[in-house]
Amino acid sequence: MEEEAERIYKDERGLLLDDEAASTRDAMYEQAENVERELEHMTEQIKSIIETVNSSQGGELEALDGMTPLDVVVKILNNQLTSLMWIDEKAEEFSGRIRKLAAQGNAADGELMAAPKYWMS
């Protein structure tokens with residue numbers, strides 16, 4: 001029985017290798033396996049990076065029960081967005097103060113120019 005299975009395998013193997021669709025399917029399957037392995041590796045790298053960043057920032061963002069690494073990333077990004085919005089708000093306030101001071105400076109310059117120039121006489 002084993003000899004018969006071996007003979008059939010040898011006979012059919014040549015046909016399978018000659019079948020272009022089968023070889024394409026096998027190549028695609030092999031590529032899919034490689035992509036899956038790379039994605040798993042990238043997931044582990046991202047998880048490690050997240051843990052490193054969190055520990056270096058002293059944050060209390062360790063994954064809680066039921067939190068996936070993606071949930072932790074979303075939480076970090078939300079914190080960063082909040083910080084950026086605060087920075088934008090403060091920059092706008094600062095810009096407004098500068099415009100106000102510039103307007104006051106221009107008004108003061110205008111007053112000096114409009115004053116009588118007795119000293120030039």
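## Lysine 90 and glutamate 93

Lysine 90 is partly exposed, its relative accessible area being 32%. The model is predicted. Lysine 90 pairs with glutamate 93 in a salt bridge. Their closest N and O atoms are 3.8 Å apart. That falls inside the cut-off, because a salt bridge needs the nitrogen within 4 Å of a carboxyl oxygen.

Both residues belong to helix H3, which covers residues 69-114. They sit three residues apart, about one turn of the helix. Glutamate 93 is partly exposed too, with a relative accessible area of 36%.

## Arginine 7 and glutamate 4

Another salt bridge joins the side chains of arginine 7 and glutamate 4. The N to O distance is 2.3 Å. The two residues lie in helix H1, residues 2-18. They are three residues apart, so about one helical turn separates them.

Arginine 7 has 41% relative accessibility and is partly exposed. Glutamate 4, at 39%, is also partly exposed.

## Arginine 99 and glutamate 92

The side chains of arginine 99 and glutamate 92 form a salt bridge as well. Here N to O is 3.5 Å.

Is this pair buried, exposed or in between? Arginine 99 is partly exposed, at 49% relative accessible area. Glutamate 92 is partly exposed, at 48%.

## Total

How many salt bridges does the rule give? The count is three. Side chains of opposite charge can pair when their charged atoms come close.

Notes
Residues numbered from 1 in each chain as written. Predicted model: local features only at pLDDT ≥ 70, side-chain atom pairs only at ≥ 80, totals over all residues. Heavy atoms only, no water. Helix = DSSP H or I, 4+ residues; strand = E, 2+ residues; numbered from the N terminus. Buried < 20%, exposed > 50% of the residue type's maximum accessible area, 1.4 Å probe, protein only.
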